[in-house]
Amino acid sequence: VTLWLAAAISWACAGDKKPLFEYDDHYVMLNDDGRNLFYRRALERALANCPRCSVLDVGAGSGLLSIMAAKLGAGQVTAIEANPALAELAVQTVARNAASFPWSNVSVISNLSSKVDVAELPNGRPADLLVTETFGTMLLGEGAINFVPDARDRLLREGGVMIPAGGCQYVTLVEIPDFHAAVAPGPWGGLNLSRLADLQDTVYWKATVGASSTKFVPLIERLCVLEVDFYKDTRESVPENRTFRVQATHSGIIHAALLDWDIWADASRADILSTSPGSRSFAGDVAWGWLLHLQEEAGADWRFGEHPRPLAVKKGDWVELGVQFIARGISLHARARAVAEEASSGTSDGAMVSGSPARMLGVNRADMVEASELYLPVAGDSARHSFYNRALDVALGHPALVAEEFKTVLDCSGGGLPALAAAKRGLHALALTHRAQFAKALRKVAEDNGLSEQVEAYSADPRDLIEALLPLGKRASIVVVDPPGTPLRGRSPFAIIPAIRERLLKEGGRIVPAGACLKVGLVESSDLAQLVSVPGGHWRGVGLTG
């Protein structure tokens, strides 16, 4: 039985980590049985037709694929790994397993493959087979299109074998209400929060999702937007833009574009490794996952409107999907628009207009990313708001405040909703946020709700405030803080409360919440074990830990 202390797992592992592994993401890769078996099957088929062939492993990591190739009969294996620490891990892993492939010589080169000359390969000759697993959550997310073709053209013999032979980046337009709700706060407590949706980043930000039970409805067929032939394609093969005309297979609201990929072992495409939802194990989902790219309706000119609005479709409707490939496919931007009923399916390069919506122009991109990742989910957390609302009532009912005529609130929670809730009670409140754009959005929400006279919002650290800047120019009756460990990072109450008590909170004033308790649970989980170890220290006979 493996027992994990969930709250201290990172600390525990750092203190008792196996010497071979200093990179936790390698654990989930090594524990991804589907990934490993795909590559073993592909190598086994290729080496059966080429006994004692030489193999080149580009982006070898800790050396698992190189050892597979050696055990399957390769005569010479060269593992190329650019990260010196990982290359050293590969050296040690190869040495540990060398007795299981006495017929093969495995060498490790610590360098970028683009800086390796053919003279450094065994006998100074190009390899017979090139294998690589240098794919990210996006198919080309680790830049494989930049270095794999170079290695293929210089370090692989003419007519040599590529594993994988090819792959495809897919996009599926989906309805996913839970995801959308996290970035589009609805009304709460009589407050209209819709203006906060202007903080949505529908251009650059993408949410990585994996090992998740989040339900979604595909509204179009899974669409291959970029196919890559690793035998011949180069970075110049990736277009800048591509437009697809597709038909909705279900009725719904397009909340996001789901991005995943397939690779195939050889030209038959009979053996495929996929990151599509439901195709991976827990370890595989954590290692790769899939991306959700937030969507809003684009107009006839591909441009976005003043405020984000998702596109609603009915089954049978035609939709145009424009895809912009960023940095030769390392990332992509997708946007959808409705088209006439008489349309037909098709694909064309170019045509899509890219660019950010007006609300994002001149805005710090980090503000928009943090808004989508942290601020908007917190702003849409009705349970959190209800807690703070009740806590405000308790504080206002405290004997030290009951008789006070003009009560004020300083909201340091980062979200700003407690300040709005206080203003609904007729109190004057100041909300402090982590980002300037959040404060701007809060001021607009206050205006929409007729609370501009009661609420002000700044991007500031409370430790930098002076009393004159507080509501009514006096110390606050109530200060709201965010407990440590909650999503809005940056200002621990332990750091700011001493300064608040000294300079910003009136005598007898209240801090909300009044207290907090960090709870730690002990859990047994074979899934969590895969994040920080290789159970048993082996994968199918390959020793991976000391």
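Visitor: How many aromatic pairs are there?

Guide: The count comes to eight aromatic pairs. The rule takes rings of Phe, Tyr and Trp (its six-membered ring) with centres within 6.5 Å; planes under 30 degrees apart are stacked, over 60 edge-to-face, and the rest tilted. One of them is F38 with Y39: the centres are 5.2 Å apart and the planes at 90°, so that pair is edge-to-face.

Visitor: What should I know about the model and the numbering before we go on?

Guide: This is a predicted model, so local features need pLDDT of at least 70 and side-chain atom pairs count only at pLDDT 80 or more, while totals for chains, interfaces and linings use all residues. Residues are numbered from 1 along each chain as its sequence is written, and side-chain values use heavy atoms, with hydrogens and water left out.

Visitor: Back to F38, then: buried or exposed?

Guide: F38 counts as buried, at 0% relative accessibility, and Y39 is buried at 0% too. Buried means under 20% relative accessible area, exposed over 50%, and partly exposed in between, with a 1.4 Å probe and protein chains only.

Visitor: Give me another ring pair.

Guide: F135 and W261 make a tilted one, 5.8 Å centre to centre with 55° between the planes. F135 is in the loop between β5 (127-132) and α6 (144-155) and W261 is in strand β13 (residues 256-264), so the pair ties together parts 126 residues apart in sequence. The helices (H or I, at least four residues) and strands (E, at least two) are DSSP runs numbered from the N terminus. Both F135 and W261 are buried.

Visitor: Which residues do ring pairs link into a cluster?

Guide: F135, F230, W261 and W288.

Visitor: And charges over rings?

Guide: R269 lies over the face of W264, 4.0 Å from the ring centre. R335 has its charged end over the ring of F304, at 4.1 Å from the centre. The test is NZ of Lys or CZ of Arg within 6 Å of the ring centre and within 35 degrees of the ring normal.

Visitor: New topic. Which residues have the most contacts inside the largest nonpolar core?

Guide: Y39, V225 and L332, in a core of 79 residues. Helix α3 (residues 33-48) supplies the largest share of this core, seven residues. There's also a second, separate core of 49 residues, with V174, A256, A395 and F438 among them. A nonpolar core here is a set of buried Ala, Val, Leu, Ile, Met, Phe, Trp, Tyr and Cys residues joined through side-chain atoms within 4.5 Å.

Visitor: What reaches the backbone oxygen of V225?

Guide: The side chain of R242 does, at 3.2 Å. That's a polar contact: N or O atoms within 3.5 Å, where within protein one must be able to donate a hydrogen and the other to accept it, and residues adjacent in sequence count only if both atoms are side-chain atoms. R242 sits in strand β11 (residues 241-247) and is buried, with a relative accessible area of 17%.

Visitor: How about H293, where is that?

Guide: H293 is in strand β15 (residues 290-294), and H293 is buried at 0% relative accessible area. The H293 side chain reaches the backbone nitrogen of A334 at 3.2 Å.

Visitor: Last one: why is α12 described as largely enclosed?

Guide: Seven of the eight residues of helix α12 (residues 417-424) are buried, so the rest of the structure largely encloses that helix. After α12 comes G426, with a positive phi near 90°.
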